[in-house]
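Have the sequence and the model side by side for this one.

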Amino acid sequence: MGKGRKAKQTEKKIKNKNGVKLLVIILVVLILIAGILLTLKILNKGQAEQTTGQMENENKEESQVQIVNENSKTRPYAIMINNNHEAWPQCGLKDAYLIYEIVVEGGITRMMALYKDKLPEKVGSVRSARHYFIDYAEENDAIFIHWGGSPQAYSRLDSGIDSFDGIALEGTVFFRDKTLKRYYEHTGFVNLKKVKEQVENKGYDRDTNKDLLLNYSAEEIDLSTVEGATIANDITLKYSQYHTTSYEYDEQNKVYKRSMSGKANVDLETEEQYTAKNIIIYKVNNYTLSGQDKARQELENIGSGSGYYVSNGYSVPITWEKTSHSGQTVYKYQNGEEITVNDGNTFIQICPTDSTITI
């Protein structure tokens with residue numbers, strides 16, 4: 001019995017030693033796991049901080065130019081804007097980074113406003129397409145938005161231009177503002193946020209590989225030092241007997257206040273006057289198309305010529321060249337260097353050859 005007791009005590013000691021060893025092993029394993037987890041946490045934190053730093057640097061680079069994100073690959077939207085005097089005021093043009101104004105039939109002008117990442121829910125009123133405006137949508141790789149169109153415009157659109165037509169889509173992305181006291185044809189608007197939602201359903205590319213039409217500078221450009229510079233405080237562009245567009249320089253804010261035919265060009269919703277940071281002006285020959293009774297116009301915009309770039313109170317002479325319908329118009333100073341525009345919105349005023357330009 002004495003021997004049995006000793007054996008049991010020995011066995012108990014062995015078990016205790018094994019238990020201690022097991023606890024030590026478990027503690028070592030736990031310490032190793034904790035060390036690994038701590039190391040991973042430190043590494044992840046460092047990587048996260050590095051990524052955050054990279055993102056912050058990228059955002060800083062992107063935010064240098066405010067009018068557009070130059071790194072964005074989003075395709076622009078080009079909207080036909082009604083400019084019949086009975087359709088004033090317009091809505092949502094303050095968010096456009098680029099706007100073209102060109103004559104149509106009857107001496108009336110229409111505008112085409114381009115948007116990229118700022119998408120207002122009410123833009124218009126939207127009007128019917130004219131075929132030469134599509135050239136300028138194409139040079140920006142923009143999705144073309146209109147409400148109806150001329151036969152010439154539909155012929156171009158049917159060739160494969162990505163577009164949204166209010167005639168087919170009223171009540172979806174297009175809508176009527178029936179509270180307006182104007183003719184029904186001037187009450188059509190578009191919601192760009194809804195357009196964006198429908199782009200994928202249409203099977204259109206949402207991204208673009210085309211560069212922005214203009215080069216932008218985050219630093220203010222002093223045009224007074226450019227060859228041929230003249231002071232430009234007041235600008236008058238008489239398109240026709242029916243329509244005149246004019247600008248008055250606001251020296252304090254360094255923008256041009258926009259008016260049309262003697263009235264301030266204001267926004268329907270905010271009632272604020274539209275302004276321009278940059279204005280590009282040139283003349284292109286237009287003529288009435290034969291064989292139809294609507295006085296539709298043709299624009300001889302493939303070619304080259306001279307014009308003006310206006311910003312910050314100065315005007316300088318420039319040249320323009322467009323080699324094809326979809327090719328981008330290139331604007332250069334007299335020395336042959338491509339122009340760089342100030343950070344801000346731009347109006348491109350394409351005037352008839354018989355128009356009067358006063359700067």
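Helices (H or I, at least four residues) and strands (E, at least two) are DSSP runs, numbered from the N terminus. This is a predicted model, in which local features need pLDDT of at least 70 and side-chain atom pairs count only at pLDDT 80 or more, while totals for chains, interfaces and linings use all residues. Residues are numbered from 1 along each chain as its sequence is written, and side-chain values use heavy atoms, with hydrogens and water left out.

**Backbone details**

Glu-271 sits between strand S14 (263–264) and strand S15 (275–276), and Asn-312 between strand S19 (303–311) and strand S20 (314–322). For accessibility, buried means under 20% relative accessible area, exposed over 50%, and partly exposed in between (1.4 Å probe, protein chains only).

The bond from Trp-88 to Pro-89 is cis, with omega near -5°, and Pro-89 belongs to the loop between strand S1 (77–81) and strand S2 (98–103). Gly-124 and Ser-125 are also joined by a cis bond, with omega about 5°; Ser-125 is in the loop that runs between strand S4 (123–124) and helix H2 (131–138).

Two strands pair if DSSP finds at least two bridges between them. S2 pairs with strand S3 (residues 109–115) in the antiparallel sense over 6 bridges, and Ile-99 stands opposite Ala-113 there. The two form a hairpin with 5 residues between them, where Gly-106 in the turn has a positive phi of about 75°. S2 also runs parallel to strand S23 (residues 346–351), joined by 5 bridges, with Tyr-100 and Ile-348 as bridge partners.

Is S2 buried or exposed? Because 6 of its 6 residues are buried, S2 is largely enclosed by the rest of the structure. Leu-98, Tyr-100 and Ile-102 point one way, and Ile-99, Glu-101 and Val-103 the other.

S4 belongs to an open antiparallel sheet of 3 strands in the order S4-S8-S7, with S4 and strand S7 (174–176) at the edges. Antiparallel to S4, strand S8 (residues 188–190) is joined to it by 2 bridges, and Gly-124 stands opposite Phe-189.

**Helix H2 and the cores**

With 7 of its 8 residues buried, H2 is largely enclosed by the rest of the structure. A nonpolar core is a set of buried Ala, Val, Leu, Ile, Met, Phe, Trp, Tyr and Cys residues joined through side-chain atoms within 4.5 Å. The largest has 43 residues, and Met-112 and Phe-144 have the most contacts inside it. H2 gives the most to this core, with 5 residues. Apart from it lies another core, of 40 residues, among them Tyr-115, Tyr-204, Tyr-249 and Cys-351.

Leaving aside neighbours within four places in sequence, Phe-144 is in contact (heavy atoms within 4.5 Å) with residues including Met-112, Ile-134 and Ala-137.
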